[in-house]
Amino acid sequence: MINAALISIDFGRGSFQAGFEELGALANSAGACPVLMLTGRRSSPNAAYFIGSGKLKELQCGIQDHNIKIVIFNHTLSPAQQRNLEYALERRVVDRTSLILDIFAQRARSYEGKLQVELAQLQYMSTRLVRAWTHLERQKGGIGLRGPGETQLETDRQLISKRIKILRSKLSKLKRQHGIQRRQRDRNCKLSVSLVGYTNAGKSTLFNALTKEKTYVANQLFATLDTTSRRLYLREANNVVISDTVGFIRDLPHQLVSAFRATLEETVHADLLLHVVDASSAVHVNQIQQVNDILCQIGAASVPQIIIFNKIDQKPELINQGNPIKRNDHGNIECIFLSARTGQGLNALYDVIAEKALSLQK
Ligand SMILES: Nc1nc2c(ncn2[C@@H]2O[C@H](COP(=O)(O)OP(=O)(O)OP(=O)(O)O)[C@@H](O)[C@H]2O)c(=O)[nH]1
Ligand SMILES: [Mg+2]
């Protein structure tokens with residue numbers, strides 16, 4: 001683990017503390033150890049350094065005192081800000097987007113996952129490359145613009161766009177194969193159910209509990225990247241397929257959303273979404289909203305959804321009169337309270353899936 005400094009600036013837009021805690025979890029998941037946490041308030045970012053000169057001094061001292069190797073910002077930095085900070089701090093400076101990209105790169109296991117991560121990284125890099133040179137253009141007042149630097153930049157750009165093209169075509173081939181597999185699955189199966197939700201909500205734990213599988217579970221963000229699907233055997237309704245999917249996060253970098261579109265779109269093709277929520281989190285209401293926003297972006301807003309309040313072992317008071325299933329006035333299931341860890345409420349979920357399977361059967 002390398003020592004990291006985390007910086008988060010409050011621009012007065014709400015849920016600041018939760019966002020900062022999340023950055024700590026992201027840093028941990030990427031393999032960094034947060035030893036210095038700096039916060040501050042501003043009305044808008046400083047153009048050159050994002051933070052003000054006072055905060056910058058504080059950071060410079062802290063870096064010496066705590067043997068810090070990497071500085072992580074809870075924001076999107078412009079290429080110029082990132083470069084200025086790296087010069088001033090003599091350390092690698094990472095913004096929230098590249099931190100998330102880094103975690104994805106560490107976790108990618110499948111061929112498709114690796115391609116998607118590479119595509120997202122190149123897309124991120126290409127925006128950096130373009131603008132990384134504008135400061136030189138300005139400094140040199142336009143003279144010498146066609147020097148070796150510019151040629152190198154042009155070559156880099158061409159290499160990147162060539163590689164992006166190759167990755168896109170490989171991914172679209174895989175997407176076609178997914179389509180074929182899905183149609184076969186549709187023919188054989190009556191209902192496909194996807195577990196979706198905020199990262200670390202407990203989707204994989206619930207998936208394992210339901211299917212007696214052993215997929216990777218960890219108190220980390222983005223433990224799961226690749227979708228895993230299994231047959232679920234229920235007494236009343238057979239042929240249900242359930243899938244564990246990649247978790248979502250607030251402000252998911254748009255490069256990732258576009259690169260992972262194929263994986264994310266798998267959820268669109270489900271007949272039912274089980275939206276897993278970490279009920280023990282103080283910001284779970286906000287997380288539900290974030291997940292629904294992303295579902296909207298990928299065209300899955302109209303897929304029937306049941307909210308699952310997980311980790312109820314830590315919040316037993318949420319269960320209404322001991323009944324794990326909550327229905328609306330029309331008798332439709334609204335949400336379920338359960339604990340994937342202890343198994344409490346799991347039977348109710350089996351019943352609900354069976355009930356839905358029967359009602360949605362084609
Ligand atoms: N107390 C408690 N902890 C739980 C419960 N379900 C999951 N957890 C814990 O929550 C953490 C995250 O669980 P995962 O199943 O990996 O969560 P996930 O939603 O798959 O996360 P990502 O794949 O990272 O998006 C792990 O430390 C689990 O042990 C539960 O019902 N109660
Ligand atoms: Mg998972």
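A: A polar contact is a pair of N or O atoms within 3.5 Å; within protein, one must be able to donate a hydrogen and the other to accept it, and residues adjacent in sequence count only if both atoms are side-chain atoms. Threonine 205 has a polar side-chain atom 2.5 Å from an oxygen atom of ligand 1. For arginine 341, the distance from a polar side-chain atom to a ligand 1 oxygen is 2.9 Å. Asparagine 310 also places a polar side-chain atom by a ligand oxygen, at 3.1 Å. Ligand 1 alone exposes 650 Å² (Shrake-Rupley method, 1.4 Å probe), and the protein buries 94% of that.

The model is predicted: local features need pLDDT of at least 70 and side-chain atom pairs 80 or more, while totals for chains, interfaces and linings use all residues. Residues count from 1 along each chain as written, chains are lettered from A and ligands numbered from 1 in written order, and side-chain values use heavy atoms, without hydrogens or water.

Now the shell. Around ligand 1 stand 23 residues (a heavy atom within 4 Å). Lys203, Thr205, Ala223, Thr224 and Asp313 are the closest. Helix α8, residues 203-211 (a DSSP run of H or I, at least four residues), gives the largest share, 3 residues. The shell has 12 polar residues, 7 nonpolar and 4 charged.

Next, the space itself. A pocket is an open set on a 1 Å grid over the protein atoms alone, with protein on both sides within 12 Å along at least five of seven lines; lining residues have an atom within 4 Å of a point. Helices α8 and α11 (284-297) each supply at least two. By class, the pocket lining has 18 polar, 13 nonpolar and 8 charged residues.

The largest cavity has about 60 Å³. Its lining includes Arg185, Thr227, Glu266 and His269. Strand β5, residues 191-197 (a DSSP run of E, at least two residues), gives the most to this lining, 3 residues. The cavity lining has 6 polar, 2 nonpolar and 2 charged residues.

Technical notes
Nonpolar A, V, L, I, M, F, W, Y, C, P; charged D, E, K, R; others polar. 1 Å grid on protein atoms, 1.4 Å probe; cavity = no way out; pocket = protein on both sides within 12 Å on 5 of 7 lines; lining within 4 Å. Points joined across faces, edges and corners; volume = space filled by probe spheres on them.
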